[in-house]
Structures are given as structure tokens and as C-alpha cells.
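Try each task before you read its solution.

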Amino acid sequence: MSSKILTHIAGTFLVEASASFLNGAGLGDGENRNVTLPKTFRDGRDRVPYVSSQAWRRWLRNTLIEETNWPASVLRPLDLSEKGTTNKIGGEFDPINYPEDDIFGYMRAEAKQKPRIDVEDSENDATDVVKEKGQPVKPVIRASPFSTSILCSIRKSGWQGRDEGFVHLKEGTPLPYTTEFYNTHLEGIFSLNYMRLGVFWNIGDRVELDEAKTCKLLTDGKIKIVKEEKSGKVYEVTDVAVKRKERASAVLNALAHLRGGAKQAAFGTDVAPKALILAGVSCGNPMLNSLFVDDGSGPCLKIDTLKEIAKDYADRIVTPIFIGIRKGYLKNESDVLQLQNVVDIGVTFKVLTPIESAQEMAMVLT
């Protein structure tokens with residue numbers, strides 16, 4: 001039997017992407033060079049549209065900053081190639097003053113070695129001998145506590161649409177162009193490592209908090225050392241419980257209000273989830289996956305699958321399972337509502353709206 005302490009938040013959501021183009025793959029090949037294509041992958045014979053994790057994480061980061069007014073960790077060039085092109089980018093690398101960095105992580109790799117100056121006494125000279133010893137500078141890497149999947153279409157076929165357009169000129173013939181779009185629903189899953197928020201390991205080769213900043217952060221009382229050993233230290237943001245809850249609540253709220261996507265001027269799409277399912281758990285399994293299906297008539301929640309997951313993970317599910325759905329969206333909405341009456345599997349269900357689901361999850365965080 002595992003601990004019932006909440007360590008992670010597992011979730012899944014569904015975006016209604018009716019007549020949408022949210023993430024592009026460029027132009028087609030051969031005769032289709034004038035066709036703009038969405039990102040797709042092959043699933044057997046089917047070509048399935050998706051939105052990359054990188055794309056929708058950027059939507060979420062932007063929404064988070066807009067919703068909270070937190071200072072943004074803006075990406076900027078850090079190094080240039082010999083040709084003058086950017087070959088390294090990064091934000092602030094400061095998860096204390098920029099909560100965005102704490103949630104989404106970062107990586108600053110050092111390409112060159114910097115010299116370390118050692119001063120040794122010389123028996124043959126009255127002056128000190130200075131020796132430069134090349135010592136690798138450790139990269140600063142924080143793996144994101146917020147792990148995500150791609151947004152994958154739950155319709156494997158029958159999603160295709162083509163918009164034939166023309167650019168009309170004052171003189172000359174119109175210039176044709178085509179955009180392939182999709183008519184589907186996109187499913188995503190995620191897991192937030194709640195207990196990693198506000199905690200930073202600088203042990204051995206693992207450096208999460210830039211050592212050049214730790215002295216000032218300690219002096220200012222913004223962090224404290226919670227573990228110290230020969231190979232390094234573990235730091236924690238001051239008032240970590242308060243900061244952890246604040247940051248987790250903010251990212252859930254941003255997810256519930258998600259906005260973004262490509263070609264919004266031509267294919268305007270509300271990407272805020274129409275279904276959002278959340279559970280606080282004591283393990284890192286993103287178990288709330290593959291819960292939606294669409295046979296072409298509309299999305300349905302796989303209720304028996306959800307009940308089976310809830311039963312299997314009952315000893316690890318710490319909170320109720322919050323099911324947020326927009327009224328009239330799921331085809332089996334009446335069956336979903338009946339989940340609130342389930343009492344024999346050791347887990348309770350609460351059916352709410354997507355925004356309420358995020359709010360209720362935030363309220364139970366400690």
C-alpha cells in the first residue's frame with residue numbers, strides 16, 4: 001500500500017478543434033507545394049493530425065503569464081555561431097523570481113571550458129605561481145515538473161478539410177493557395193510533479209539552480225538550504241508550501257483558460273478544454289490517458305475505462321476525480337453525470353465545468 005500523500009496531479013483534456021488549423025507542418029511535396037499542411041503522423045493506414053507538445057506548452061506558458069501577470073522568462077539568444085546565426089537560446093534560468101521557469105524547466109549547456117585559477121606557493125620564487133586549470137562548467141538543467149503529451153486527434157479518419165483560397169491582385173490573375181485543416185477533437189495528457197515545485201537539487205553533476213545566483217538569493221531570504229552533503233546542496237524556495245500551491249493552482253487555471261494556436265485569423269478556434277479531468281495522486285503515473293473516443297458522431301468519455309483506472313489506482317488517488325465538461329459537448333453526458341453516484345470502488349467522482357474542475361483541484365492542494 002503506497003502513501004496517500006499528494007505528490008502529483010494527473011490529468012487529461014479534450015480540445016474541440018472544429019474546422020481548425022492549430023499547428024503547421026509547412027508545405028506539401030511535389031504537386032502539393034502550394035498546400036499548407038497541419039502536423040500529422042501515421043497510425044497504420046490513417047494519417048492523424050496532432051499539435052506538438054512544444055506548441056501547446058507555449059500556448060500554456062503565454063496564457064499563464066497573461067492570467068497571473070508574473071514576470072515572463074523571455075527567450076533570448078545566448079550564443080551565436082561563426083556565421084552569426086543564433087545557436088543557443090534561453091530565458092532567465094531563475095525559478096525563484098520567475099515561477100514560469102520553476103514549472104516548465106530550462107537547460108543552459110556550456111559548450112566551452114572555463115579556466116579555474118589555483119594559487120600555489122613556490123619554493124623557488126618569492127612570488128606566487130598562478131596555474132590555470134581547465135575545469136568543465138556544469139550545465140544548468142531543470143527537468144520540467146510539468147510533463148505533457150502531444151495533442152492527438154481522437155478521429156483517425158474523416159477529419160480532413162481543404163480550404164481553397166485566392167489572393168486577388170489589382171492587376172493580373174489571382175494567386176491560388178490551399179490550406180488543409182481538420183475537424184476533430186484533440187486529446188492531451190499531463191502530469192504535474194507537485195512536490196518538485198520550489199525544490200532545486202545541486203548535487204554532483206545535477207545543477208538545477210545557477211550557483212552564481214544562490215548567494216544573493218540566500219542573503220535576500222528567498223531560498224534556504226534544506227540538505228547539504230559533500231557533493232552539493234538542495235535548495236528550497238522560502239514558504240515552499242505556499243509557493244507550491246500558488247504555482248500549481250495558477251498552471252491549472254491557465255490550462256482551463258488555454259488560448260493560442262496557429263492561423264487563428266483564418267481558423268479561429270477556442271482551445272480552452274471542453275473536457276478536463278484531474279486527480280491528485282501519490283505516484284507519477286499519468287494514468288488518465290486514452291479516455292475519449294469519437295466514432296464520427298461526436299466525442300464520448302470511456303466511462304468503463306475511467307472506472308477501471310479509478311479502481312486500479314484507488315490506493316494512489318488522493319483526491320476525488322474531478323470531471324469538468326462543457327454542457328452538451330460529450331455525447332454520453334448523462335452517463336458521465338451518473339459517475340457521481342459510484343460508491344463501491346474507493347474513489348469518488350465530481351462532475352463540474354472545466355474551469356470549476358481546475359478550481360476544485362486547486363482548493364484541495366496543501
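**Exercise 1: Strand partners**

In β13, L151 is the bridge partner of V51. The model is predicted, with local features needing pLDDT of at least 70 and side-chain atom pairs pLDDT 80 or more, while totals for chains, interfaces and linings use all residues. Residues are numbered from 1 along each chain as its sequence is written, and side-chain values use heavy atoms, without hydrogens or water.

Task: find which strands pair with β5.

Step 1. Recall the terms: strands are DSSP runs of E, at least two residues, numbered from the N terminus, and two strands pair if DSSP finds at least two bridges between them.

Step 2. Start from V51: β5 (residues 46–51) pairs with β13 (residues 151–153) in the antiparallel sense, over two bridges.

Step 3. Now look at β4 (residues 40–43), which runs antiparallel to β5 and is joined to β5 by four bridges. Here T40 stands opposite P49.

Step 4. Check the turn: two residues lie between the strands of the β4 and β5 hairpin, and G44 takes a positive phi near 65°.

**Exercise 2: The largest pocket**

Task: work out which element gives the largest share of the lining of the largest pocket.

Step 1. A pocket is an open set of points on a 1 Å grid over the protein atoms alone, where a 1.4 Å probe fits, with protein on both sides within 12 Å along at least five of seven lines; lining residues have an atom within 4 Å of a point. The volume, the space filled by probe spheres set on the points, is about 440 Å³ for the largest pocket.

Step 2. The lining has 16 residues, and R58, R61, L75, F104 and G105 are the closest to the centre.

Step 3. Two or more lining residues come from each of α1 (53–68), β7 (86–90), α2 (99–104) and β8 (106–108); helices are DSSP runs of H or I, at least four residues.

Step 4. The solution is α1, with four residues.
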